[in-house]
Amino acid sequence: WHGDAVAAARFGSPAEIRAALLPEQQADFDIAYESALNEARSTLRLDALQHVLRAWRRMALLTEQEPDEQREMLAARAEIQETGGPRPGSTPWGDLKTQLGL
């Protein structure tokens, strides 16, 4: 992703990543980070931890740049989880693939 270098420079530590997130994102970060730490402890490999930090650096950068869009995304996710179905007006994945010729 073209923003990885910017995100890595801006959010060098897990604390900096967490601080840049919206309050409603922080619990998800905490869970992912703790899980990756546990995996690193048990496997003695840092792959999962590096992956989690890279993904959440991206999220922190996007949140910093466009907080309103991130709030909308989180609201959409919550609505989908609550209703168990797609949002009104959304296009099913199969239909979208057909429209795109995939």
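This is a predicted model: local features need pLDDT of at least 70, side-chain atom pairs count only at pLDDT 80 or more; totals for chains, interfaces and linings use all residues.
**Ground rules.** I number residues from 1 along each chain as its sequence is written.

**Aromatic pairs.** I searched the whole structure and found two aromatic pairs. Rings of Phe, Tyr and Trp (its six-membered ring) pair if their centres lie within 6.5 Å; planes under 30 degrees apart are stacked, over 60 edge-to-face, the rest tilted.

I looked up Phe29 and Tyr33, which are stacked at 5.6 Å centre to centre with 10 degrees between the planes. They lie four residues apart in helix H3 (residues 23–43), so about one helical turn separates them. Helices are DSSP runs of H or I, at least four residues, numbered from the N terminus.

I checked accessibility next (buried is under 20% relative accessible area, exposed over 50%, partly exposed in between; 1.4 Å probe, protein chains only). Phe29 is buried at 2%; Tyr33 is partly exposed at 23%.

The rings of Phe29 and Trp56 have centres 5.6 Å apart and planes at 75 degrees, so this pair is edge-to-face. It links distant parts of the chain, Phe29 in H3 and Trp56 in H4, 27 residues apart. I noted that ring pairs link Phe29, Tyr33 and Trp56 into a cluster.

**H4 and H5.** Met59, Leu62, Thr63, Glu64 and Gln65 in H4 meet Pro67, Gln70 and Met73 in H5.

Methods:
Side-chain values use heavy atoms; hydrogens and water are left out. Contact means heavy atoms within 4.5 Å. Helices (H or I, at least four residues) and strands (E, at least two) are DSSP runs, numbered from the N terminus.
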